[in-house]
Amino acid sequence: MNKKVIAALVTIIVAAGVLTSWLVYHNQQTVPSGLINRGYQTVDARQSDNTMVNHLGISVALFVNKNSATINGFQPVGKKSYLGDSKLIKSNTQTAKDIYKALTGHSTYNTKDYLKLVSVNLGRVYVTQYKNKWTLKSKKLTLTFHKTADGNWATPDGTLWFPVKNK
């Protein structure tokens, strides 16, 4: 055979292999079927009958897809006092710091960062699920959730995450 024909065939085969690998990687499911197209959101402490269920200091929503996730941070939250006024929560838990870092790039809390919606695509995520626990891992964030007695999910700091419609 002619060397040019052989080189063209090899190039076509290599390109087809690269394209196939790329398609398999991008369509690979990395999230268990029960969590695909689900959303989870924290509750504003001012709306929870003064029961502390959000230890993050901001309202957060997490949306999980087939192999990616998006996290949104918005609205600083406060805890109502018996006088009726709200005091902003300033959290120093590791979960809060990890979420702040994923949303803004720094692990310190600043209310000005969350006056408007901050949305971050976490990119490719890997979710491992056990009986009553699941862990979401990406390059930007790792979160662990456990099932609560009432059927919702909570992070280790005690923040409750409620199911919401996926965007």
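Which residues make a nonpolar surface patch of about 340 Å²? The answer is I6, V10, V14 and V18, and one of these, V14, sits in helix α1 (residues 3–27). Patches are made of residues with over 30% relative accessible area and no salt bridge, joining like charges within 9 Å and nonpolar side chains (Val, Leu, Ile, Met, Phe, Trp, Tyr) within 5 Å. A salt bridge is a side-chain nitrogen of Lys or Arg within 4 Å of a carboxyl oxygen of Asp or Glu.

## About the model

This is a predicted model, in which local features need pLDDT of at least 70 and side-chain atom pairs count only at pLDDT 80 or more, while totals for chains, interfaces and linings use all residues. Residues are numbered from 1 along each chain as its sequence is written, and side-chain values use heavy atoms, with hydrogens and water left out.

## The chain as a whole

The protein chain has two helices and eleven strands, arranged along the sequence as α-β-β-β-β-β-α-β-β-β-β-β-β. Helices (H or I, at least four residues) and strands (E, at least two) are DSSP runs, numbered from the N terminus.

Of the 167 residues, 38% count as buried, where buried means under 20% relative accessible area, exposed over 50%, and partly exposed in between (1.4 Å probe, protein chains only). The chain exposes about 10100 Å², with carbon and sulfur atoms supplying 57% of that area; accessible areas come from the Shrake-Rupley method with a 1.4 Å probe, and for residues only the protein chains shown count as cover. Among contacts with a separation of 6 or more, 56% join residues 24 or more positions apart, a contact being heavy atoms within 4.5 Å.

## Strand β8 and its partners

On one side, β8 pairs in the antiparallel sense with β7 (residues 126–129) over four bridges, and the two form a hairpin with three residues between them. On the other hand, β8 also pairs with β9 (residues 142–147), again antiparallel, over five bridges; this hairpin has four residues between its strands. Two strands pair if DSSP finds at least two bridges between them.

T128 has T135 as its bridge partner, and K133 stands opposite H146 in β9. T135 counts as buried because its relative accessibility is 8%. Setting aside residues up to four places away in sequence, T135 touches Y126, V127, T128, T142, L143 and T144.

## The nonpolar core

The largest nonpolar core has 29 residues, and those touching the most other members are L62, I71, I99, L122, W134, L136 and W161. Two or more residues come from each of β2 (58–64), β3 (68–76), α2 (94–104), β6 (118–124), β8 and β9, with α2 giving the most, five residues. Such a core is a set of buried Ala, Val, Leu, Ile, Met, Phe, Trp, Tyr and Cys residues joined through side-chain atoms within 4.5 Å.

Beyond its neighbours within four places in sequence, L62 is in contact with residues including R38, Y40, I71, L122, W134, L136, F145 and W161.

## Two loop residues

S138 lies in the loop between β8 and β9, and it is buried because its relative accessibility is 15%. Its C-alpha atom is 4.7 Å from that of V125, 13 residues apart along the chain. Apart from residues up to four places away, S138 touches L122, R124 and V125.

N37 belongs to the loop between α1 and β1 (38–42). Its phi is near 55 degrees, a positive value in a residue other than glycine. Most residues other than glycine have a negative phi.
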